[in-house]
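Let's take a friendly walk through a protein model, one topic at a time. Please have the picture open while you read.

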Amino acid sequence: MSAITVTAGPPRRGSGISRYFGFWPVVTAIVLVLIVGLLLVPVGNIVGVSLSAGAKTGSIFENYVNFFSERFYYQTLLNSFWVSIWAMIFAVCLGVPAAYFVNRYDIWGRGFVRAAVVLTFVSPPFIGSYSWVVLFGRSGVLTQLFNAIGVPLPSIYGAPGIIFVFTLQFFPFVFLLVSSGLKSIDQSVEDAARNLGSGEFRTFRTAIAPLLVPSITTGALLVFVASFTDLGTPIILGERFRVLPVLIYGEFVNEFGGRPVLASALSVLLLLVTTGALLLQRWLSARFSYATAAIRPLQVQEQPLGKRIAATAFVFLLIGFALLPLVNIVVSSFLKSNGPVLVASFTLDNYARIMDRITLPLWNTLFYTTVATLLCAVVGTAVAYIIVRRPGPVSSVLDTVVMFSYAVPGIVLGVGLVVTYHEPPFALTGTATILILAYFIRRLPFSVRSSVSMLQQVSRDTEDASINLGAGPGRTFVKITVPLLATAILSGALLTWSNTIRELSATLILQSGTTATVAIEIFNEVVNGNFGVASALGTVLILLTFLPLVVLFTLLGKKDEALV
Amino acid sequence: MLDRPGIQMASTSVRIDTVTKRYGDSVAVDGVSLDIAQGEFFTLLGSSGCGKTTLLRIIAGFLKQTSGRILFGDTCIDDLAPQHRNTGMVFQSYAIFPHLSVVDNIAYGLRARGLKAAEVKQKVDTYLALTRLSHLGHRKPRELSGGQQQRVVLARAMVIEPDVLLMDEPLSNLDTEMRMHLRTEIRALQRKIGVTTIYVTHDQEEALLMSDRIAVMRGGRLEQVASPHDIYNKPSTRFVASFIGENNFLPAVHRGHAEPGHVRIELPGGQFTAKLRGDMPGGAMDAAFRPQDIELRPLDGEGDGLVGTLTDIQFLGGTVRYAIDLGGGHLVQVAGSSRTGVALPEIGTRHRLGVSPVAIALFAPEAA
């Protein structure tokens, strides 16, 4: 035992602030400040402003009393429920069979259908709306065509048009969730039911559908919430039929400069509905969840020719309608236009016209989206780590608040941020900063969820090994955790990007002329009736939305279920 | 070892002083005290939930004990963060860094300590050679077999020259052949560099084969701490006697003293003389004797012995196992060897079982 001894020396002790404060407590504090400041304080302020004493009665509930006593106001709430519930019902009726046929039947073009659903899903809703106006509006291409042959088409304006567009825009929620639900059911469940003497429909009704209840209810409620909070479509199609978000936007614009008291009260109502819907969704999913693991998921079944043709026809008709507005945008972006009337001759004029005009909004859009996405990736990964690896009261608060940010509609967040940050020292209204922060807090759940599910699969031992070898918590996070989560962080970031770049509701509230984004430009062009320019801008925006998803699906091998 | 300069470590002794770990009402580690010598290969042995891994993680600093102290040498390490304890840990799941090459895995702890690149390279090369991984230095972990990955994490834990090497069931994810091979390899490596090692396992064969000393744990407490030989041959509790190796237990009644240091006991089916080890448990007792310590004798022979009927024979090649029914629901397992040219006894025949007085151990029965 007389060998020469070599020692590596004791590990270095922490330096800088980590000598006095742990790495994770400091990070947790920063994250909490961000989330409280950008989400909880704004929401709290809306509630506070909405309860400010009214001039007439001096009651703090005066704004709410006004709302429910004047038909002009409360009708919008009823209208919102009306269109959202119908859109939800139609989306389920179309989405469930479509998902079943695509996943179970050997229909033709299944890959194409899946891609088309994704494309529909990520395209900005307001682009779809004005595209329908171009086709079926008063001077729409098809309206005039059918009028010429003496067949009047139903109006695209008002409640039916909104329901129609919402259904086609949001049925992918149901389609994607039911598809993934079907994949989690084992083939043996169906085989057993068939073996015991059930026919196909009876098997679906008694054995398969009950297992799909969480997927269907989640999809349905997501359709409901998306429809209830959408601002662009009802502005474009609603005309005299006004829904709650349109009223909020109108009141906010009216009250601008003062305190948006009524807009705040309306926002609180909107928030109550969405929060209620998401709580209901969580309860339903938990209540009807049967944890099944599919060793061999439900297989595609060969069908007799007639059934195969019928199912294919159904799916393609649905997809055709859903894709029509997108095809229309791309095609009409290359057509000459005279205001809202498009002429059937090819031109690049629209693109030439947007070239000079688009520079600033395009630059704004790319800059805000990129910064917000990076913020989401960094903060989201840290939040995911705290939630998964540092369980405790703070961690469950974070988890709940991040879930809650799903429930805060863009327009509500917009109003809340304006109310909170319109005065010095934080006079941020109309600045790029406020838009970036709004995008960041709205899309944070994407990054958090993506990293959480990956982190739950990574053994804690790997990080413990790093600590054990002398690397502190910060070094371990950077050198070990982040590389292990790389694909999850990247796919979360791509989803964030794709969802942020088309944001409209919060942007409408928060932008000023110089901070306008591409989505705002399109919206303005549509409102002004310049459909040619709007189509060219819309095509650009669709490309920007879809490109990251192509990367997500091809390079990262993600499934389309990752979207919901 | 003089031919291998530069790899003898200055490791430390470990003192665990009445360490307790509670989770709410349940106690995972219950007042454990141990002294582990410098350079010793010390094993914590027990079935899952006995507290052995909890104790190991407390030593590593991943868990904080509820009470008690841990000392490395003369230094109390209770307030030291895990990254500052200078222990090298090998995990059951390997915990290899999947995104780093073999070299970068091994260099990880050295770089965290801020060593210069040249020094890192020299040390990494030494341990690559020691673990016979030199040719794989630039591979990624996914290109390695399970056994190779385990050698990487072993090198990674040893290269930092830890005060104590901690191993948490490092071989349980490997196939039998690789496990056998690595047992001897780990032990040889540990001897060569002389690092104090605390090894956790549920595999008694592994514990007996590798350890200088074994602590058998149960329900958070130490049942017995002794050398492998003494753990097997002089179990101090009935639990250790049943947990380590195989044992027959029969209820015994004290029938007075025989020659000095011996007692007469009555078992179902006959009387025995047993050598006293330590204190005689009072009242009801269990007598324990191992299958290979029993001799099957013809019934007409003289002397002590239980009489029973042969009910089953398991022929395993070199060894033969007999089940003897003593009546009253008492079965005894006997291990014999098969010899060429000697016929096996017939099932249903009656035999006398001979056991040497030194092979019988007496215990207080387990509380139900």
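## How helices are compared

Angles between axes count as roughly parallel under 35 degrees, roughly antiparallel over 145, roughly perpendicular from 65 to 115, and oblique for the rest. This is a predicted model, in which local features need pLDDT of at least 70 and side-chain atom pairs count only at pLDDT 80 or more, while totals for chains, interfaces and linings use all residues. Residues are numbered from 1 along each chain as its sequence is written, and chains are lettered from A and ligands numbered from 1 in the order in which they are written.

## Helices α7 and α9 of chain A

In chain A, helix α7 (residues 158-183) packs on helix α9 (residues 200-229) at an angle of about 155 degrees, and their axes are 8 Å apart. α7(A) and α9(A) are therefore roughly antiparallel. Helices here are DSSP runs (H or I, at least four residues), and strands are runs of E with at least two. Axes are lines fitted to C-alpha atoms, for helices over the stretch in contact, and angles run from 0 to 180 degrees between N-to-C directions.

Among the residues of α7(A) that meet α9(A) are Phe166(A), Phe170(A) and Phe173(A), and the α9(A) side includes Leu212(A) and Ile216(A). Contact means that C-beta atoms, placed from the backbone, lie within 7 Å. The residues of this contact divide into twelve nonpolar, six polar and no charged.

## Helix α12 joins in

α9(A) also packs with helix α12 (residues 261-287) of chain A, at an angle of about 175 degrees and with axes 9 Å apart. This pair, α9(A) and α12(A), is therefore roughly antiparallel as well. Contributors from α9(A) include Phe224(A) and Phe228(A), while those from α12(A) include Leu270(A) and Leu284(A).

## A sheet in chain B

Which strands form the open sheet of chain B, and in what order? Five strands line up as β13-β12-β11-β14-β20, with antiparallel pairing. Two strands pair if DSSP finds at least two bridges between them. The edge strands, β13 (270-275) and β20 (361-363) of chain B, each pair on one side only. From one strand to the next, the twist averages 45 degrees.

Strand β12 (residues 262-267) of chain B is joined to β13(B) by six bridges. Look for Val263(B), whose bridge partner in β13(B) is Ala274(B).

## Two domains of chain B

Chain B is assigned domain 1 (14-238) and domain 2 (246-363); such bounds come from an automatic or database domain assignment. Taken over C-alpha atoms, the centres of these two domains of chain B are 40 Å apart. Four residues of domain 1 of chain B are in contact with five of domain 2 of chain B.

How values were computed. Contact = placed C-beta atoms within 7 Å. Nonpolar A, V, L, I, M, F, W, Y, C, P; charged D, E, K, R; others polar.
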